[in-house]
Amino acid sequence: MYTSYLKKYGSLLVVATFLCSFINFPVEPTNFSGTWTLNEGKSELGQFGARGVASKMVVEQKGEDVTITRTSSTFQGDEVTSTETLTADGKTTESTVFGSSKKKATLKWAADGKTFVITFSVALEMNGQSFDLSGTETWSLSDDGKSVSLKNALSTPQGDIETKVAYDKQ
């Protein structure tokens with residue numbers, strides 16, 4: 001009797017374990033919140049150098065939603081700040097960058113919650129000329145949480161540009 005009882009409930013346990021393997025439990029995303037400053041020595045910035053990237057970023061994260069305030073210098077040397085709030089629901093957000101240019105972007109977290117990708121397009125106007133840029137920015141945080149790296153792939157009318165930008169937490 002004990003053996004049949006064990007077989008019966010043992011089989012139920014195996015079936016329950018099998019069914020639970022198909023359930024996707026939510027993964028808590030890595031928290032990128034903080035103030036980050038550019039580390040030029042660890043970055044691969046390409047032809048535009050540090051002028052093409054933010055010198056400082058302030059990141060505020062609530063769950064999977066991320067707000068990024070970037071401070072950078074224009075090619076003329078002026079300091080500019082732009083803020084974008086990206087939601088994890090797949091909706092496109094719009095922000096203003098480089099003066100009056102419009103940036104459209106979406107955010108997608110990796111399944112493991114450790115990285116996210118921002119896909120964007122910018123309708124840029126400079127010196128009376130208009131052109132479009134598009135690309136991706138892949139964010140990853142170091143294991144110790146003290147540095148963040150952004151891998152950028154940008155498509156421009158002059159060709160494709162790839163950079164790796166490193167930031168240190170302040």
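Guide: Two strands are said to pair if DSSP finds at least two bridges between them, and a strand is a DSSP run of E covering at least two residues, numbered from the N terminus. This is a predicted model, in which local features need pLDDT of at least 70, side-chain atom pairs count only at pLDDT 80 or more, and totals for chains, interfaces and linings use all residues. Residues are numbered from 1 along each chain as its sequence is written, and side-chain values use heavy atoms, with hydrogens and water left out.

Visitor: What makes β1 and β2 a pair?

Guide: Four bridges join β1 (residues 34–38) to β2 (residues 56–62); the requirement is at least two bridges, so the two strands pair. They run antiparallel, and G34 stands opposite V59 in β2.

Visitor: Why are β4 and β5 called edge strands?

Guide: The open sheet has ten strands in the order β4-β3-β2-β1-β10-β9-β8-β7-β6-β5, with antiparallel pairing. β4 (79–86) and β5 (93–97) each pair on one side only.

Visitor: Why is E137 called buried?

Guide: Buried means under 20% relative accessible area, exposed over 50%, and partly exposed in between (1.4 Å probe, protein chains only). E137 has a relative accessible area of 7%, so E137 is buried. This residue is found in strand β8 (residues 129–141).

Visitor: What is in contact with E137, leaving aside its neighbours within four places in sequence?

Guide: Contact means heavy atoms within 4.5 Å. With those neighbours left aside, E137 is in contact with R70, F116, V117, I118, F120, L150, K151 and N152.
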